[in-house]
Amino acid sequence: GPGSLNLKQLYEKFKPGQELPPHYGRWQDWNFDMVPKFMMGNGLLVRLLVHTGVHKYLEFKAVDGSYVCKGGKTYKVPATDKDALRSSLMGMFEKYRARGFFIFVQDYDKDDPRTHKGYDLDVITSRELFKEYGLDPNTVDFIGHALALQTDDSFMDQPARKMVMAVKLYSESLARFDTGSPYIYPLYGLGELPQGFARLSAVYGGTYMLAKPDAEVVYDEAGKACGVTSEGETAKAKFVVGDPSYFPGKVRRVGQVVRAICILSHPIPNVSDAHSVQIIIPQKQTGRQSDMYVFGCSFAHNVCAKGKYLAFVSTAVETANPTAELMPGLQLLGAIDEYFVQVSDVMEPVSDGAEDGCYISKGYDATTHFQSTAEDVLQMFKRITGKEVDLDANDPATAGQEQ
């Protein structure tokens, strides 16, 4: 499953028996997130962390830049009316049309009909709304994929509300940091998240066990999950929540993701020497059915040796040669010291958990942000408790700046 590996563990996994190169320094200084993802500053995951109080146990850094790829070149993602006018992604006339669209999104308030400009977002589709603003296909592509973070084009013929709210979330998150990116990432990587929850659980007198080997779900005679066992000890439970790897036979494969983990001795080219960056390569640019994602971080996040940079390239597998599919992303990285490629099955539960007490999360997709995962968590909460999570109870904006 996911989690973080240090350099020694990474070599054991991908190059068993090989010596660690001495120029990488101490293996303890490296933290490779197997499924690297950034968090949207005002997004669901950060709101969940604030809602539960876990954010107090973590230290975040704002991400330096957010880019989109067009014709093999990287461009800063324009997300506001001002950005649109400065962006070299669009020609002069297109800039003004895009600016009109962004102003509509920024001003849109579902409770104030004057801001709706006569559009009912539950009726008009994204395709129709883009047409109203006269936007060309390239602009629509980057708005849908780099701002609204849609992973394919099915959103085009669905009601526009979800897309508009996603673009709005992006620009509101962007406004919180002055880095040109709406994302944040914890120091030492994502392995800090479960530890943060464990510390919080301890404060409330909870019992937690991290990294237990060979944990298995225990079932009663009716076939309902009633606990978890590891090394001869069993923790009893009314139901069990877990990822697909703990529930063989209760999940099905819905696809595969290929990820390359790359070690660089320089920043990713053409992203203003950013220490942390996301580059989205929309499917139209590569003639594929799914987007490709480049995730960059560096020694500034305490995840690798000083002077080194990590880059991850990920996408959904579409052919019998997954490594070759990553070329459009790998080509953006310049010289690569070394890379490791992993293909993972993406699994999802076959049932909702009500019958057997097994509440199973979906596998991680190729995206390098947490929106789809956080949505899955909120849906699981609803399946388990029958209630919606009220995230507005604790607004992230009041929880101090995560700079």
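Reply: Helices and strands here are DSSP runs numbered from the N terminus, with a helix being a run of H or I of at least four residues and a strand a run of E of at least two. In that scheme, Q342 is placed in strand β16, which covers residues 338-349. This is a predicted model, in which local features need pLDDT of at least 70 and side-chain atom pairs count only at pLDDT 80 or more, while totals for chains, interfaces and linings use all residues. Residues are numbered from 1 along each chain as its sequence is written, and side-chain values use heavy atoms, with hydrogens and water left out.

Q342 has a relative accessibility of 19% and therefore counts as buried (under 20% relative accessible area is buried, over 50% exposed and in between partly exposed, with a 1.4 Å probe and protein chains only). If its neighbours within four places in sequence are left aside, Q342 is in contact (heavy atoms within 4.5 Å) with K13, F14 and M34, and also with V257, V258 and R259.

Just after α2 comes G53, which takes a positive phi of about 90 degrees.

Two packed helices are described by the angle between their axes and the distance between the axes. For α2 and α12 the angle is about 50 degrees and the axes lie 8 Å apart, where axes are lines fitted to C-alpha atoms, for helices over the stretch in contact, and angles run from 0 to 180 degrees between N-to-C directions. The two helices, α2 and α12, are therefore oblique to each other (angles under 35 degrees count as roughly parallel, over 145 as roughly antiparallel, 65 to 115 as roughly perpendicular and the rest as oblique).

On the α2 side of this packing are L44, L45 and L48, and they meet Q371, A374, E375, V377 and L378 of α12. Sorted by class, the residues of the contact of α2 with α12 are six nonpolar, one polar and one charged, where Ala, Val, Leu, Ile, Met, Phe, Trp, Tyr, Cys and Pro count as nonpolar, Asp, Glu, Lys and Arg as charged, and the others, Gly among them, as polar.
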